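Morning, everyone. Please have the structure open while I talk.

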Amino acid sequence: MKHILLVEDEVSVVEFIRRGLIEENYTVSVAFNGSTGLKMALDSSYDLIILDIMLPDMNGLEVCQKLRSNHMLTPILFLTALGTAENVVMGLNAGADDYLVKPFKFIELNARINALLRRANQKAEPETTSYTNQYVLADLRVDDTAKTVTRNEQPVQLTATEYRLLLALIKNKGKVLSRIDLLESAWDLNFNTGTNVVDVYINYLRRKIDAAAPEKLIHTVVGMGYVLKEP
């Protein structure tokens, strides 16, 4: 049975989520403020953390950053009323794996939880082959076993979300991927299609992958999406 930590200060929201998760056969632990949630997350093992941003004494962004600085890989889902593209990007940059805006339907929350747990399970599965999954384009190399990226033999440090976007692009090198394609690759589910979070993250990738290189590999196809290819 999967164990979920819910860090949320609104009692009505806690009861709504807790009841739904128990019906889905999850075990649920609850913290009503950020510092308690941080301590619980560090002291015990959870399969997933649902984390509000606006919390008493320590906000969810701080909690998430501290967990990631402690090398915790547990999937984190932000659940918050702050739904602008800037807030989405801020949450993901803090280390969250997904972001759901209030108000929400439990069916969508449950779908996102399932997607995050599925991804976590796939990462946890032992390697069944002896070879390394490597993807190469020009002087860009992505090793999906070691989760490393190099450009011109120099290491490139990416966040988890940036890495998933780059992996989707290099797996489909030469193929134009729409924003929806990239959203599904990075987060498994669609955000509001009006958000520009993909464009923001593509810009992050360009700064790290293309900015210092003579040849640009990430290209915009106006009205269609993005493609990774040689010039």
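Let me begin in the loop that runs between β8 (148–151) and β9 (154–155), where glutamate 153 is found. Keep in mind that this is a predicted model. Glutamate 153 is not a glycine, yet its phi is positive, about 65 degrees. Its relative accessibility is 73%, so glutamate 153 counts as exposed.

Where is the next case, aspartate 57? Aspartate 57 sits in the loop between β3 (48–51) and α3 (60–69). Here too the residue is not a glycine and has a positive phi, of about 70 degrees. Aspartate 57 has a relative accessible area of 57% and is exposed.

One more backbone item. The peptide bond from lysine 102 to proline 103 is cis, and omega is near -5 degrees. Proline 103 belongs to the loop between β5 (98–101) and α5 (106–124). For background, most residues other than glycine have a negative phi, and most peptide bonds are trans.

Now the packing. The largest nonpolar core holds 52 residues, and Ile49, Leu51, Leu182 and Leu228 have the most contacts inside it. Helix α8 (residues 197–209) supplies the largest share of this core, 8 residues.

Which residues does leucine 182 contact, once neighbours within four places in sequence are left aside? They are Leu165, Ala168, Leu169, Leu177, Val198, Ile202 and Tyr226. In soluble globular proteins, nonpolar side chains tend to be buried together.

That is what I have; questions now, please.

Key:
Residues are numbered from 1 along each chain as its sequence is written. This is a predicted model: local features need pLDDT of at least 70, side-chain atom pairs count only at pLDDT 80 or more; totals for chains, interfaces and linings use all residues. Side-chain values use heavy atoms; hydrogens and water are left out. A nonpolar core is a set of buried Ala, Val, Leu, Ile, Met, Phe, Trp, Tyr and Cys residues joined through side-chain atoms within 4.5 Å. Buried means under 20% relative accessible area, exposed over 50%, partly exposed in between (1.4 Å probe, protein chains only). Helices (H or I, at least four residues) and strands (E, at least two) are DSSP runs, numbered from the N terminus. Contact means heavy atoms within 4.5 Å.
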